[in-house]
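Look at the sequence and the structure below, then read the briefing that follows.

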Amino acid sequence: MHKIHPLDSEDLATNTSENEHFQSIVQRAHSRRGFLKSGVGLSAALFLAGPLAAYAKTQDKGDTAQPPSLLGFQAIPISTDDTISVAAGYSASVFAPWGTPLFTDATSWKSDASDDAAAQARQVGDNHDGIHFFPINNSNNEGLLVINHEYTTVEDGDYTWLFGANGTLPWTADKTAKAMNAHGVSVIHIVRSQTGTWEIKLDSKYNRRITASTEMMLTGPAAGNDLMKTRADSSGTRVLGTLNNCGNGWTPWNTYLACEENFNTYFGTTSGTDTRNAAQKRYGLAAASTNYRWEEFIDRFDYVKEPNESNRFGWIVEIDPFNPTSTPKKRTALGRIKHENAAYTLASDQRIVIYMGDDQRDDYIYKFVSEGIYQEGGDNSALLDAGTLYVAKFNDGPTSEAYVGTGEWIALDKTANAILAADARFTNQAEVLIHTRLAADAVGATKMDRPEWVSVHPNNGDVYVTLTNNDKRTIADAANPRTANIYGQILRWREAQGDATATAFEWDIFVLAGNPVKHTDRSNLKSGSANITVDNTFNSPDGLGFDKDGRLWIQTDGKYNNTGDYEGQGNNQMLCADPVSKEIRRFFVGPKECEVTGITFTPDSKTMFINIQHPGEAGNSHWPDGGKSVPRSATIIITKDDGGVIGS
Ligand code: FEO
Ligand code: CA
Ligand code: CA
C-alpha cells in the first residue's frame, strides 16, 4: 500500500484543486518577492503545479489526463557485478576503450598498459567523460565521435592503472608526458558497417588527439590580460593544452565544447613554500606537491615558478572537429570556474545562451548570453567572445511551500554591477572573468550542492541541473534542502516568459535522490522524494541529457559500496525519467567502481553513446577485457534490438 509521502502531504495539504493550490502558492511567493512585476506569471504557475508529488499521484489515482509515458522499457535491477547490464530488448557493446589506436601506424594496446608517451599520443585517451556525435551529412551511419578524457586515476601520487606493469616509480619525464597525453580530447571518425557494427576509420583526416600539450588560443575579454602572461607567452594569448575535460557541450554551428573542471589539481610547487594568493586558494591549487607530479618535470605546473599559468585553465574550449588543423580556443567570456558541462539554447532573437555549473561544494550555476546572434550557415566563430555572464541566485520559497521558488540572474559585469564596480580587487572585466568565483561570491550568488550537468528540454526550454551531493552542507535552503546531503537532487527552472535571456526565473526540485531501502521511514528526507522507490534508488546524479523526444537521462557518479546509506543501490548506473509524470526507471548499470557519464545519439536517436569512466578506480575491476587485464574506460554503444528509438 502506498503511504502518503511527507512531501506529498506538505504540498497537497489543502482542499483546493491542485491547480488552484499551486497558483496560489506562486502568487503568494511572487507578491512576497515582488516578482509579479518582472513578468513571471501564469506559465510559471503551470510549471510548478505538482512539485515532487506527481508520480505518486499518477500511480495512486490512475490519472488518465496524463500523457502516455515516454518510458517504453522495463526497469532493471541493480548490479554489483564487474560487467554492464542494460534493459531487456537492448544491446550494449564496448567501443574505443582507452589505448585504442587511431592510426594504422599507432602502437596497438598492450594489456599490461606498458605503452609509452609516444604511443599514448596516437591512441584514445583515458577516463572518457563528455561525448558528442557529429553526423557527417546528417548520416545515422557515419560521423565524428568526440570524447573528453577527463583525467587519469591517481591516488597519493600513485597512478592506479596508467603505467600498468611498469608502475609509477621511478617517476620520469616520459611518464609525465604519457599522463599528459592520456588527457584531452579524441576526435574519432566512425562508420557503421553493413552488419551494423561501428568501426573506427583509421587514418581518417579527422582523427585527432588533443592533449595537455596541444597549442591553443585564449580569446575573448580576458585574453592578453597581464594575469594571462607567462615567460613562455608574453602575449597572454597562447597556451599549451587543456586539462580535466569533464562534461561537454556543442554548438549549432557544429563545434565541440570541452569543459575544464578540476584544473587546480595539476598546479602545485616543489619549492617547499606555500605562496598561494587568495584567488589561487579559492580555486584550490595544491599548497605543495600534486598527485599528478607534473610540476617535478615541467616548470609551468609549479605555481611559484609560473604564477599565472593556472589562470590559463578553467575555461570552456571550443574545438572544430571538422577542421583537424584548427587551433582550439579557450573562450574567456564564459568565465573561469570548475566547468562541468555547457548546455546551449537559442533565445527567440537567436542570441546563444549557455548554461554551466561549477562543480564544487557550495559553488554556483551560471549562464552566458551572447551579444551577437546565431546565423545559420554564417560565420559564428566570434559568438562566444562577447556577451554577458550571469550567476544564479535561488530565492527560498515560504517554508510551507518547500522545493519551489523564484530566482534571479546577476550580471557579473564590472561596469553594470554596482558591487563589482566598487570592488577594487577587479581592475577591469578581464579580472572579473579570470576570478569568476570571487566575483560570484561578492554578489551573493546561491551556494549549491555541487552543480554538475545542465540540460535544456528540447521542446519547452526548461533547464535541469544535477546537484550531485554535498555532505558538508550545514545550513539547508529551499534549493538545497538537506544538510549533510549525501544523495543529491535534480533541480529545474523556467526562465521568465520562456525567454532564455531573462534575468528572472522560477524553479522547483524535480527529484530528491534518496534511499527508501535503507531509510524506510518516508518522513525522513533521506528516503527521497515520491518518485524515488526501492526499485529506482540511486545516489549522486551527475551526467544528464535530454533526448530529442524529451526523455531525461540521468547518470550517476556516486558511492557504489552497496552498504549502509547506499544499501540496495549497487554500481553506478543510468536511469531515465519522464519529465511530466516524473517517473524514473533504471535502464543501465556499469561495472565495478566506475561512473557512467556522457551521452549523445545519432540523429535518429536509434544509437546511443555513453561512457564508462574509471572502472576499478579502487583497484577491483578487469572490465572490459577480463582475465587479469588492466581495466579501461570506454564508450558504450546501445541499440534497441528491434531497431527503434532508445528508451521508447
Ligand atoms: Fe568531472 Fe563534476 O565531474
Ligand atoms: Ca561529472
Ligand atoms: Ca561527479
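Is Cys 246 buried or exposed? Cys 246 is buried, with a relative accessible area of 3%; buried means under 20%, exposed over 50% and partly exposed in between, with a 1.4 Å probe and protein chains only. This is a predicted model, in which local features need pLDDT of at least 70 and side-chain atom pairs count only at pLDDT 80 or more, while totals for chains, interfaces and linings use all residues. Residues are numbered from 1 along each chain as its sequence is written, chains are lettered from A and ligands numbered from 1 in the order in which they are written, and side-chain values use heavy atoms, with hydrogens and water left out.

**Cysteines**
- Cys 594 is also buried, at a relative accessible area of 1%.
- The structure has zero disulfides (a disulfide is a pair of cysteine sulfur atoms within 2.5 Å).

**Calcium site**
- Glu 452 (OE), Asp 542 (OD) and Asp 557 (OD) coordinate the calcium ion (ligand 3) at 2.4 Å; donors are N, O and S atoms within 2.8 Å of the metal, or 3.2 Å for Na, K and Ca, and sites may look incomplete because water is not among the atoms.
- Glu 452 bridges the calcium ion (ligand 3) and the calcium ion (ligand 2), which lie 3.8 Å apart.
- Glu 452 lies in strand E23 (residues 451–456) and Asp 542 in strand E27 (residues 541–546), so the pair ties together parts 90 residues apart in sequence; strands are DSSP runs (E) of at least two residues, numbered from the N terminus.
- Glu 452 is buried, at 2% relative accessible area, and Asp 542 is buried at 2%.

Definitions and conventions:
Helix = DSSP H or I, 4+ residues; strand = E, 2+ residues; numbered from the N terminus.
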